[in-house]
Amino acid sequence: MAGDAIAAVEYVFRQEKGRVLAGLMRRFGDLGLAEDVLQEACRKALELWPRTGIPDNPAAWLSAVARNAGLDHVRRAGKSVSEAEAVRSCLPAAMLDETQAIEDDRLRLLFICCHPALAPEAQVALALRTLCGLSTAEIARAFGLAEAALSQRLLRAKRKIAEARIPFELPPAQELQPRLAQVLHVIYLVFSEGYCASGGDSLLRADLCAEALRLGRLLDSLQPGQPEVQGLLALLLLQASRGPARLSPEGFLLTLEEQDRHLWRRDWIAEGLAVLELALRARSPGPYQLQAAIAALHAQAPTASQTDWRQISVLYGALLRHKPEPLILLNAVIACAMAHGAEHGLAWLERLEAVPSLANSHYLHAARADLLRRQGDRPGALAAYARAAMLAENAVERQYLLRRHGEMRLPLV
């Protein structure tokens, strides 16, 4: 039973943390306090549930216990508790199910995390910590930071929220648009970490992908008709549609060429294409619409060999004008190679080695290995696969690169 209780608490903390924490933040207006009392509730659950059994609604139980702990903290601090709050504290827990709070609570929390008073790098880390339940260690690994350094960054961000008295509300209409870009960026990064984890033993984090999709839909309902919001939602749907086919039954990574396209979620593809069409009608293309258009071409290709790489290459050229970032440039080079021949891509890859963030990226060496393999350069491909495998931090990606290396039928050097 103890094992079941621990598993239940961990599941609730992962799946429901954002919702419960947002409800506590709405109630107390103090993110640090909200996190502390939620942790306290989790500790009590680990103590009690092995003896009393797991509640029918574990998230509601945690919410009620955390809320009461928060009220005790407020009283001990000598602060007044409003009459309404005092009345609510006396109601049965069943009538105070925080999991039934307004769905916009998590969107409000996201806008707080993306408040301009916070440093941009702190915004993303705070969103991953509060909304998605990632541990400090996981976020530190994704950012390439020491865990202690990230802890300090998060602490400063929470302190800034309290000192600046950032209200728990969506920004007014005149402030919404300027803050939208960072909110979109954070949702995109949450999805990216779920779609391809930066480290660890799992490639996919379905909970993060689902949270990003949920936030994307909420944002679209809040800002209907915004082309880039629609573009992001379309991109997430089209990318997520491939999730069921990205791993073999044995857990091996499968590339687009290797995936069984019958496993792709056609409902999400259809929805993504429809949302993208709505966005493109505005004739105001932005980076998320362009990435969604690339994903759409992959989704619409009946087979890998029928992929319209020439059009994808053109779209990457347009995307680079919006986001001249190293990884996008690398993807543009791969698309060019697929459209016009491996030799074109290999020539560009030589130049990209001068880009510091790519020189030691397993993605660059994996791309070189694949192009050399297609050219029939076995020794060159072997060396590139070995280098990429050495640099890969995700175990599933590393396993894929080693498998590719083994298929060349030569031992690892």
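**View 1. The largest nonpolar core of this predicted model has 98 residues.** A nonpolar core is a set of buried (under 20% relative accessible area with a 1.4 Å probe, protein chains only) Ala, Val, Leu, Ile, Met, Phe, Trp, Tyr and Cys residues joined through side-chain atoms within 4.5 Å. The residues with the most contacts inside the 98-residue core are L110, I187 and L219. Leaving aside neighbours within four places in sequence, I187 is in contact (heavy atoms within 4.5 Å) with L110, A212, L215, G216, L219, L232 and L236. Apart from this core lies another, of 28 residues, including L364, A367, L371 and A389.

**View 2. Helix α15 (residues 326-340) meets helix α18 (residues 362-375).** Their axes, lines fitted to C-alpha atoms over the stretch in contact, with angles from 0 to 180 degrees between N-to-C directions, come within 11 Å and cross at roughly 5°, so α15 is roughly parallel to α18 (angles under 35 degrees). On α15 the contact is made by L327, L330, I334, A337 and M338, and on α18 by Y363, L364, A367, L371 and R374.

**View 3. Helix α11 (residues 227-240) crosses helix α12 (residues 266-280) at roughly 160°.** The two axes come within 8 Å, and the angle therefore makes α11 roughly antiparallel to α12 (over 145 degrees). Helices here are DSSP runs of H or I, at least four residues, numbered from the N terminus.

Residues are numbered from 1 along each chain as its sequence is written, and side-chain values use heavy atoms, without hydrogens and water. Because the model is predicted, local features need pLDDT of at least 70 and side-chain atom pairs count only at pLDDT 80 or more, whereas totals for chains, interfaces and linings use all residues.

Notes. Helices (H or I, at least four residues) and strands (E, at least two) are DSSP runs, numbered from the N terminus. Angles under 35 degrees count as roughly parallel, over 145 as roughly antiparallel, 65 to 115 as roughly perpendicular and the rest as oblique. Buried means under 20% relative accessible area, exposed over 50%, partly exposed in between (1.4 Å probe, protein chains only).
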